[in-house]
Amino acid sequence: MSGTEMEPVFFSITSSDDPENPLRFVLGPKDDALKVGRNKKSGVVVDKLGISWAHLEIKPWTGGGEDAEPSLCVRDVSSNGVGLRKSRGGELQRLEKDVDTVVPHGAAIVLPFRVKAAEGQPEDSLRTTLTVSIDGVDSPSSELSESEAEAEEAAGDAADSAGAKRSRSRSPRRADLFNPEASPEVERKSKKRKKDGDKEKPQEGEAPSSGKKGHQFHAGQFVKVVGLKGKAELNGKVGLLVEWDQSNAYWKVRMEDGSGK
């Protein structure tokens, strides 16, 4: 890729089995693939009849070019197959086994593809749907079914409070949180208040604005860190806003390289 290493992909996976608790992950180009299956040590555990011990693998897609949006691909390594629905109302297609297939933002991964339903029993009742949401990618104009769309909405609302699975060495990981000396793109709050004088203070539980008219920071937003003195090595780097800590008056930020600071 023109000598430039691909940035890690920040994303969440929402299971139809537990739509209120999406899982957050970060995958870099050198990380091990995220495993999905019945194995309790998998990044995403799906314990259902017909699911293999290791059913599928998820990893960053590196074939999109240097300027492409962050992307993921999946590989079916199962016995009963994996289905993929790329858009709302789209056809459920079975993935070719042992072949990497690009998964767009908002797509639904359905497993297992092959099920044995009793007479009158819907096949979907025997399956699990995993909705993939990739940070920094605009939502498609046409997405998934209503239930899957609700699951994706739940992923956005609960992503910052949901616990993500921490990786071991070179495996999919959730970035550690750290306490920056100042909020991204703004000077320390005390300096800001002195400069702004009687400007309206944020209410309890509300994050401070960036100082730009009409703009408010919010969780899930990518920002550039500036103005740090105690951790000057972070200046100029990009991070993801995770949560505003009202009691200590700072943003919790996840850095773009996936490491904790």
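Here are some questions and answers about charged side chains in this predicted model.

Residues are numbered from 1 along each chain as its sequence is written, and side-chain values use heavy atoms, without hydrogens or water. Local features need pLDDT of at least 70 and side-chain atom pairs pLDDT 80 or more, while totals for chains, interfaces and linings use all residues.

User: Happy to start with a count: how many salt bridges are there?
Analyst: Side chains of opposite charge can pair when their charged atoms come close. The rule here asks for a side-chain nitrogen of Lys or Arg within 4 Å of a carboxyl oxygen of Asp or Glu. By this rule, the number of salt bridges is seven.

User: How far apart are the closest N and O atoms of Asp 100 and Lys 59?
Analyst: Asp 100 lies in the loop between strand 8 and strand 9 and Lys 59 in strand 5 (residues 56-60), so the pair ties together parts 41 residues apart in sequence. Strands here are DSSP runs of E with at least two residues, numbered from the N terminus. The two residues form a salt bridge, and their closest N and O atoms are separated by 3.3 Å.

User: Is Arg 75, which also pairs with Asp 100, buried or exposed, or partly exposed?
Analyst: The side chains of Arg 75 and Asp 100 meet in a salt bridge at 2.9 Å, N to O. Because Arg 75 is in strand 6 (residues 72-76) and Asp 100 in the loop between strand 8 and strand 9, this pair ties together parts 25 residues apart in sequence. Buried means under 20% relative accessible area, exposed over 50%, and partly exposed in between (1.4 Å probe, protein chains only). With 25% relative accessibility, Arg 75 is partly exposed.

User: Which residue of the Arg 127 and Asp 124 salt bridge is exposed?
Analyst: These two side chains meet at 3.3 Å, N to O. Arg 127 has a relative accessible area of 10%, so Arg 127 is buried. At 52%, the exposed residue is Asp 124.

User: Where is Lys 97 found?
Analyst: Lys 97 gathers with Arg 94, Arg 114 and Lys 116 in a patch of positive charge on the surface. Such patches take residues with over 30% relative accessible area and no salt bridge, with like charges joined within 9 Å. Lys 97 itself is partly exposed, at 44% relative accessible area. Its place is the loop between strand 8 (93-94) and strand 9 (101-103).

Key. Patches are made of residues with over 30% relative accessible area and no salt bridge: like charges are joined within 9 Å, nonpolar side chains (Val, Leu, Ile, Met, Phe, Trp, Tyr) within 5 Å. Accessible areas come from the Shrake-Rupley method with a 1.4 Å probe; for residues, only the protein chains shown count as cover. Lys and Arg count as positive and Asp and Glu as negative; His and the chain ends are not counted. The place of a charge is taken as NZ of Lys, CZ of Arg, CG of Asp or CD of Glu. Helices (H or I, at least four residues) and strands (E, at least two) are DSSP runs, numbered from the N terminus.
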